[in-house]
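Biologist: I have a new model open. Can you show me how to read its sheet and its aromatic rings?

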Amino acid sequence: MKRHKLICVVGARPNFMKMAPLLRLLRCDGHFTTALVHTGQHYDDNLSGRFFHDLQLPAPDHYLCVQSGTHAQQTAEVMKRFEPVLMAEQPDGVVVVGDVNSTMAAAVVAVKLQVPVFHIEAGLRSFDKSMPEEINRIITDAISDLLLVTEESGRRNLLNEGIPDQRIHMVGNLMIDSLRQGLAAARKSDILRRLCIDGRPFALATLHRPANVDHPEQLDEILGAFQEISETIPLVFPVHPRTRAHLDRNHFARSGNITMLEPLGYLDFLCLMSNSSVVFTDSGGIQEETTALGVPCLTLRDNTERPVTIEEGTNMLAGTHRSTILAAWNKMRVRPKVGRIPALWDGAAAERCLAVFRNYFVAGSKTPDLSSCSLAEFGTPRPRGTGTFTELGPGD
Ligand code: UD1
């Protein structure tokens with residue numbers, strides 16, 4: 001039987017938890033061989049290495065070492081360095097996830113070499129083209145052969161953009177597969193004890209969007225709200241490097257009951273998130289994870305590309321001004337939002353993705369046959385990587 005070769009591409013922190021469960025399943029399946037490419041858009045231990053360890057991702061077969069730059073530089077570097085890999089590997093398909101610069105860059109390279117692109121987390125739209133991720137989403141979706149969606153809004157948006165229905169598949173949410181698989185290990189994390197908040201109510205905050213952190217007046221609005229909120233409930237704030245750079249550059253004075261930390265690994269963060277009373281964030285993925293965990297979430301934006309987290313989940317838009325954030329917090333405090341878990345966010349999204357891929361190659365039909373999927377387990381043997389990436393051990 002011919003095994004179909006898939007190149008799986010990751011580049012930045014939010015990609016790793018989406019790719020891990022799928023890669024694990026693909027590697028156990030007789031129909032496929034895989035190669036993992038890490039572009040190196042996120043490159044340090046805090047945003048990358050630790051996630052490979054926590055999610056039991058194998059070392060990449062190719063590490064492109066792209067690192068930072070302007071959007072054009074970063075995108076161009078991924079394209080330049082990914083093209084020779086594709087030419088050497090000659091795969092049957094390229095799997096990309098999410099909406100970061102690496103996603104779009106890899107998709108463009110593949111499609112120009114006439115390699116089919118499979119986009120996971122397709123169809124999400126904020127309808128806000130000032131967000132770099134929105135541009136990445138639109139371009140990637142327009143050129144992908146298979147579009148795998150996490151929520152019904154994704155299908156609607158793609159149909160509205162003229163994508164044929166046969167190419168769109170509702171598979172659920174791979175990130176929730178990782179969350180469910182990681183919860184038991186996350187419960188063993190000692191992060192609550194280390195922060196002296198074990199058994200106490202606390203709020204968790206994350207912030208990294210350029211629109212929120214790159215301008216001092218805007219950052220000041222949000223930090224002002226955090227400071228006031230922290231007088232009611234202690235706030236734990238793992239700080240993204242982009243945000244840290246702006247805080248340092250503008251000499252922001254710290255006050256209030258806020259604990260600022262370096263970015264955390266997946267399991268420590270999951271432990272904090274699942275134990276927190278409320279989460280303040282501008283991240284896309286955290287809006288979904290809090291909905292899956294039933295934890296109230298206040299999103300520090302005016303829009304979201306993940307409307308199901310508001311319509312069905314625990315998410316609420318809080319805007320980006322001190323006054324709007326405080327108003328949303330006061331509302332949430334009085335009546336915390338209760339939600340339900342959206343359809344197919346059940347921990348089995350990787351199986352559905354696999355079924356779609358099998359059908360694409362094996363059955364030659366576009367209707368997925370879900371009957372013969374098997375569950376992936378943590379702990380499958382790791383293939384040896386051939387790239388220059390150094391896999392991190394538990395002590396790193
Ligand atoms: C990127 C993604 C965003 C995602 C976010 C999660 C794009 C357009 N944006 O934004 O969708 O939600 O990742 O974190 O792709 N840096 C480090 N160490 C690292 C990586 C980055 O210090 O390992 C620094 C960079 O040098 C840069 C800043 O962090 O100064 C921002 O990194 P960048 O790659 O531009 O993207 P993010 O803001 O993280």
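Modeller: We take the sheet, then the helices, then the rings. This is a predicted model: local features need pLDDT of at least 70, side-chain atom pairs count only at pLDDT 80 or more, and totals for chains, interfaces and linings use all residues. Residues are numbered from 1 along each chain as its sequence is written, and side-chain values use heavy atoms, with hydrogens and water left out.

Biologist: In what order do the seven strands run in the sheet?

Modeller: Strands (E, at least two residues) and helices (H or I, at least four) are DSSP runs numbered from the N terminus. Two strands pair if DSSP finds at least two bridges between them. Here the order is E3-E2-E1-E4-E5-E6-E7, open and parallel. E3 (62–63) and E7 (168–170) are the edges; each has a single partner strand, so one side of each lacks a neighbour in the sheet.

Biologist: Which strands does helix H3 touch?

Modeller: Contact means heavy atoms within 4.5 Å. H3 (residues 71–89) packs on the sheet and touches E1, E2, E3 and E4.

Biologist: How many aromatic pairs are there?

Modeller: Rings of Phe, Tyr and Trp (its six-membered ring) pair if their centres lie within 6.5 Å; planes under 30 degrees apart are stacked, over 60 edge-to-face, the rest tilted. The whole structure has 10 such pairs. One of them, Phe 226 with Phe 237, is edge-to-face, at 5.5 Å centre to centre and 80° between the planes. Phe 226 sits in helix H10, Phe 237 in strand E9, 11 residues apart.

Biologist: Is Phe 237 buried or exposed?

Modeller: Buried means under 20% relative accessible area, exposed over 50%, partly exposed in between (1.4 Å probe, protein chains only). Phe 237 is buried, at 0%. Phe 226 is buried, at 0%.

Methods:
Axes fitted to C-alpha atoms, helices over the stretch in contact; angles between N-to-C directions.
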